[in-house]
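Biologist: I am new to this structure. Could we go through it together?

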Amino acid sequence: MQTIYDFHGLQFNGEKKSLQDYSGKVLLIVNTASKCVFTPQFKSLEKLYQTYKDRGFEILAFPSNDFGEQEPMTGLQLETFCRIQQQVTFPVFKRVHVVGDYCDPLFKFLADKRLNGQVNVKPLWNFHKYLVNREGQVVDYFYSVTSPQAKRLTAKIEKLIST
């Protein structure tokens with residue numbers, strides 16, 4: 001069976017970043033948008049990242065314009081928004097499609113139980129979250145309304161980084 005390590009993300013400089021580089025870490029993969037009611041979650045995601053990053057945890061953000069055209073930015077403008085305005089230090093990749101005919105292969109994998117063995121839920125909106133264990137397997141998902149500081153999310157992260 002595949003793992004997330006079989007995929008890559010495109011960095012803002014255009015280079016492919018293999019997700020194999022995150023092998024052995026617990027991951028939270030999130031589709032983001034700059035003009036969404038959930039955009040304030042960037043601050044909570046950064047706080048979550050700062051809390052757990054030294055314990056083998058990473059957040060990987062994938063901006064998407066699939067829901068309500070709420071991510072109109074691309075390239076340097078988008079990178080500046082994430083790094084300077086939102087002050088995120090976790091990896092943010094180039095904009096991708098997370099649903100539909102042009103869905104990025106990573107998000108096809110994350111959303112399809114036939115491919116990932118566990119989760120069968122596509123993102124319904126921006127800031128949908130997928131939790132991945134140290135072996136690169138999808139173990140859970142959280143809808144957009146789930147705050148990055150929610151106890152049910154942080155408890156699962158704690159459990160995964162402790163094993």
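Predicted model: local features only at pLDDT ≥ 70, side-chain atom pairs only at ≥ 80, totals over all residues.

Modeller: Residues are numbered from 1 along each chain as its sequence is written, and side-chain values use heavy atoms, with hydrogens and water left out.

Biologist: Which residues are buried in helix 2?

Modeller: L78, F81 and C82 are buried in helix 2, residues 75-85. Buried means under 20% relative accessible area, exposed over 50%, and partly exposed in between, with a 1.4 Å probe and protein chains only. Helices (H or I, at least four residues) and strands (E, at least two) are DSSP runs, numbered from the N terminus.

Biologist: And what do the buried residues of helix 2 pack against?

Modeller: They pack against helix 1 (41-52) and strand 4 (57-63). On the other side of helix 2, L76, Q77 and I84 are exposed.

Biologist: New topic: is D112 buried or exposed?

Modeller: D112 is buried, with a relative accessible area of 14%. It lies in the loop between helix 3 (105-111) and helix 4 (113-116). Leaving aside neighbours within four places in sequence, D112 is in contact (heavy atoms within 4.5 Å) with V119 and N120.

Biologist: How do strand 5 and strand 6 pair?

Modeller: Strand 5 (residues 129-132) and strand 6 (residues 138-142) pair in the antiparallel sense over four bridges; pairing requires that DSSP finds at least two bridges between two strands. K129 stands opposite F142 in strand 6.
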